[in-house]
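Me: I would like to learn how to read a structure like this one, feature by feature. Could you take me through it slowly?

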Amino acid sequence: MDTKKLVADMKARFAHNSAKHYLKEKYSSKFIVADQGGLWKADPNTLSFLYTAQEKTILVDLYDNPITIDAQKLYKKLLEVYNLTMQEWHEELKELEKTR
Amino acid sequence: MSRGVLLFGFNSPKVDYVSMASYTARRINNFLKLPVTLVTDEESTENYYEFEDFEKIIKIDSNKDNIFRDDIWINKGRYMAYELSPYDETILLDVDYMVNSDRLLKIFDLLEDYVCHESMCHLMKPEITQENLSDFSFPILWATVIGFKKTQKAKQLFDCMKMVQENYAHYGHLYTFSVDTYRNDYSLTIAHRIVNGHISDKKNILPWNLIHIGLKTKLYVERKSKYNTKYTIVFDQWKNNKLKKEYINIADTDFHVINKEVFLELM
């Protein structure tokens, strides 16, 4: 099916806000990482804490469990996930902004 | 440690759920690389000869006394998933869940006993709030995706779902919801609260939203193929007292199609 022709025939407008909302939903689960016996979100807050933390520290995971972690190892892992996911999200958003 | 997906599919006079299950199984095999077992009944399978997408077919006696929108809706007996699943770790999935990625594999990373969705979003209607069991009650859990291990606690959950199903009118009266149509979402919600001592435990909740494609939405595929993952969603939006059509394009995203006719058109 030629969906471009279809939406043109329908005179449908591209919904930028809904598309932006969709991307947020799409990428939300990609930031979730299970590591060192806990469940973490690769977000700026967690990364900032891990960057400054001692080697061994205790952090509350997404399920409210305090877990003893190797901060440097977790930082490396979360940073990798964060960068990769944000890059994909950013690129897809740039593509989306070109749509009319 | 065996892992797999369990689907329940019973044909109704209007909807061919076994075909839907077959289509979904093919996508699960491709994107998740997991075996799929179908739970169905004799009647639903008499016209099918090929079940190559399933590792196993389990036939049970179906309960046909549930009605939804003037059609028989065979959704009772979902509690049997625990006993019927041939896998140590199972994802119990609705057949109208469109698998377009490997996102569900993440369930196995966080699975202790069971997990399911509490929060959802409608892609085109972000303003729709979470559904509650009733006006003065708590948010419902969604039975669309349930991951479970064969543990004592998971068994308790499914045993409790059975109890709620068998005493649905009582629980409807207790929590003041309509009992006209039986919903697994409701029995899961109540069972989850019972097995956790009426305290919601975050560890049983998936930390991302269940994405719904709502009823008044049209969904088109770029190209009808086995594993297409690109869709255009068209929907009506009121703007300045005029009804206007809007659309978005989505790709590589799992979603739950509420309108069965829309799902059948995608196959």
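Me: Where is the place of Asp64(A) in chain A?

Reply: Some conventions come first: this is a predicted model, in which local features need pLDDT of at least 70, side-chain atom pairs count only at pLDDT 80 or more, and totals for chains, interfaces and linings use all residues. Residues are numbered from 1 along each chain as its sequence is written, while chains are lettered from A and ligands numbered from 1 in the order in which they are written. Helices (H or I, at least four residues) and strands (E, at least two) are DSSP runs, numbered from the N terminus. With that in hand, Asp64(A) is placed in the loop between strand S4 (56-60) and strand S5 (66-70) of chain A.

Me: What is the phi of Asp64(A), and why does Asp64(A) count as exposed?

Reply: Most residues other than glycine have a negative phi. Asp64(A) has a phi near 65 degrees, a positive value in a residue that is not glycine. For exposure, one counts other C-beta atoms, placed from the backbone, within 10 Å of a residue's own: 20 or more make it buried, 12 or fewer exposed, and anything in between partly exposed. Asp64(A) counts as exposed because it has 9 C-beta neighbours inside 10 Å.

Me: Which loop of chain B holds His198(B)?

Reply: His198(B) sits in the loop between helix H7 (184-195) and strand S11 (210-213) of chain B. The phi of His198(B) is also a positive value, near 65 degrees, in a residue other than glycine, and His198(B) counts as exposed because it has 10 C-beta neighbours inside 10 Å.

Me: Is Lys64(B) exposed or partly exposed, and what is Lys64(B) in contact with beyond its neighbours in sequence?

Reply: Lys64(B), in the loop between strand S3 (56-59) and strand S4 (67-68) of chain B, has 14 C-beta neighbours inside 10 Å and therefore counts as partly exposed. Two residues are in contact if their C-beta atoms, placed from the backbone, lie within 7 Å; leaving aside neighbours within four places in sequence, Lys64(B) is in contact with Ile72(B) and Ile74(B). The C-alpha atoms of Lys64(B) and Ile74(B), ten residues apart along the chain, are separated by 5.4 Å.

Me: How should I read two helices that cross, and at what angle do the axes of H5 and H7 of chain B cross?

Reply: Axes are lines fitted to C-alpha atoms, for helices over the stretch in contact, and angles run from 0 to 180 degrees between N-to-C directions. The axes of helix H5 (residues 152-166) of chain B and H7(B) come within 8 Å and cross at roughly 130 degrees. That makes H5(B) oblique to H7(B), since angles under 35 degrees count as roughly parallel, over 145 as roughly antiparallel, 65 to 115 as roughly perpendicular and the rest as oblique. The residues of this contact divide into nine nonpolar, four polar and one charged, where Ala, Val, Leu, Ile, Met, Phe, Trp, Tyr, Cys and Pro count as nonpolar, Asp, Glu, Lys and Arg as charged, and the others, Gly among them, as polar.

Me: How many residues does each chain bring to the contact between chain A and chain B?

Reply: Chain A gives 24 residues and chain B gives 27 residues. On the side of chain A that touches chain B, H2(A) gives the most, with seven residues, and the residues of that side are 14 nonpolar, five polar and five charged.
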